[in-house]
Amino acid sequence: MLNNNLSRNKEEKVARCRQVRKLMRIMYCLSAAFMILWSCEDNKPDNFGREAYDPSKPVRIDGFEPDSGGMATKVFITGSNFGSDVSKIKVYFNDMRAPVVGSDGSHLYVITPRQPGEENIISVVVNNDSVTYTGKKYHYRTMTTVTTITGKKGTTEFKGGTLSEAEFHNPSTLCVDAEGNIFLSHWRVPYCFVLISQEKDLVQALYTGDPLGAPSADAEGRVVMAPTDGGDGYYSFDPDAQWAPKVRMMLHPSMDDTDRQNWASTNRLGLAACYLDGFIYSHYNNGHLMKYDAVTRLGQLVDITLSAGSFLYFDPYQTNILYLTYVNRHAIYTYDILTREHTLFAGTDSRAGWVDGHRLSAEFNQPSQIVVDKDGSIYVADRMNHCIRRITPDGMVSTVIGKGGIAGYQDGNPEDALFNNPRGVAIDQEGTIYIADYENNCIRKLSVE
């Protein structure tokens, strides 16, 4: 009897679940149909109560709800004379445009854009009429989380396979191509160069041999290059050749130049593609900076006065500015390829520490790879501080995630997440940051939303 009752109860629960799912599907379809009707381009009043835009009247904002939220938060703006043709309505959070989902003339339904700023003034533009709401500001809440996409703490060798199967031993430096593929220089035996595809759930060694420096994609984000640890060689990985490794040599004008500049006797940490002139720049441990043509491979000496041991990254917006992170000087410098000015940009030169604040008062401890996001913020793998730092366009340094000076392994939000000697960072076109967590033998993903 008891078993019969349990069976009957189970059947009733299953039936209720099916009914709920069916009801949710119906509600979803009705909601979608309503939104399509609400946001269609007919500007005439209709049975849904939508009001047409009247160019003889001003556009007015009376308020909005909620007062705060993160990326993709639904915001409802109330007012008048918005019209119902969403193709003619623009909404801005500061200078960032927000997607407009629908309008009935006096109510706008919009989606919060990604990272418009901490405090936002909301503006509405309809045709040539615009209005800014001054009654209050919208407060943007940044959500930052770290997850592990592949690798396992405590492993001691490289193994390919799926993302869940793969293992690493000191993953070092990274780059991301235009398709979102991650490329990794793996710096323990076996030294190898690795393709990581989240889309294909694949981790695969493309090359095994001598260690390679920090990789960089070309200006189009297609062909990936990585320098040999010493000398003038580099490897290229072209998707048109199924990523087959191709060893290349930079060419010099004459043997005299090669002897005088001594390029081949020192190590290099990486390469950087310049958006301004199309050349590939390489920095040597003897302080020399050189560039070469990716097609002809002909090299040219740029400067011989720089310090040793730096990672390189070109600013995608100020395309004449090259960032150099001097690991052992605990500082970040800029080099202007037009004026040859070499300037301290962030950190306290030759002093290790962990201090947030203005960039020239901040302190780092072996800053390593560096990237710039689409908003102009710079992210730095602050290796010996075990954290990721950010430098905003207005020059303020903050610890995005990790705890300065505390090594560990933990995914999660800024209050919980821990790293152990993060050495490499790369960024994709969506603004997601990937981290080579060197001592934790993992590739981590930092989502800032």
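Modeller: A strand, labelled E, is here a DSSP run of at least two residues, and strands are numbered from the N terminus. With that in mind, Asn170 is found in the loop between strand E12 (144–151) and strand E13 (171–176). Please remember throughout that the model is predicted.

Asn170 has a phi near 65°, a positive value in a residue other than glycine. Is Asn170 buried or exposed? Asn170 counts as buried because its relative accessibility is 4%, and the cut-off for buried is under 20%.

Trp243 is placed between strand E19 (233–237) and strand E20 (245–249), in the loop that links them. Although Trp243 is not a glycine, its phi is positive, at about 65°. Its relative accessibility is 14%, so Trp243 counts as buried.

Pro66 itself belongs to the loop between strand E1 (60–65) and strand E2 (68–69).

Leu298 is located in the loop between strand E23 (289–292) and strand E24 (299–303). Because its relative accessible area is 39%, Leu298 is partly exposed; that class runs between the limits of 20% and 50%. Together with Met249 and Leu251, Leu298 makes a nonpolar surface patch of about 250 Å².

With a relative accessible area of 48%, Glu341 is partly exposed. Which residues does Glu341 contact, leaving aside its neighbours within four places in sequence? They are Thr334, Tyr335 and Asp336. As for position along the chain and in space, Glu341 and Ile321 are 20 residues apart in sequence, while their C-alpha atoms are 9.6 Å apart.

In it, five strands form an open sheet, ordered E29-E33-E32-E31-E30, with antiparallel pairing. Strand E29 (357–358) and strand E30 (367–372) are the edge strands, since each pairs on one side only. E29 and strand E33 (residues 396–402) run antiparallel and are joined by two bridges. In one example of such pairing, His358 has Met396 in E33 as its bridge partner.

Finally, the whole chain gives the setting for these parts. The protein chain contains two helices and 36 strands. Of its 449 residues, 51% are buried. The chain exposes about 21100 Å², of which carbon and sulfur atoms supply 51%. Among contacts between residues at least 6 apart in sequence, 47% join residues at least 24 apart.

Conventions:
Residues numbered from 1 in each chain as written. Predicted model: local features only at pLDDT ≥ 70, side-chain atom pairs only at ≥ 80, totals over all residues. Heavy atoms only, no water. Buried < 20%, exposed > 50% of the residue type's maximum accessible area, 1.4 Å probe, protein only. Contact = heavy atoms within 4.5 Å. Patch = residues over 30% accessible without salt bridge, like charges linked within 9 Å, V, L, I, M, F, W, Y side chains within 5 Å. Areas by Shrake-Rupley, 256 points an atom, 1.4 Å probe, with all protein chains shown as cover. Salt bridge = Lys/Arg side-chain N within 4 Å of Asp/Glu carboxyl O. Helix = DSSP H or I, 4+ residues; strand = E, 2+ residues; numbered from the N terminus. Pairing = 2+ DSSP bridges.
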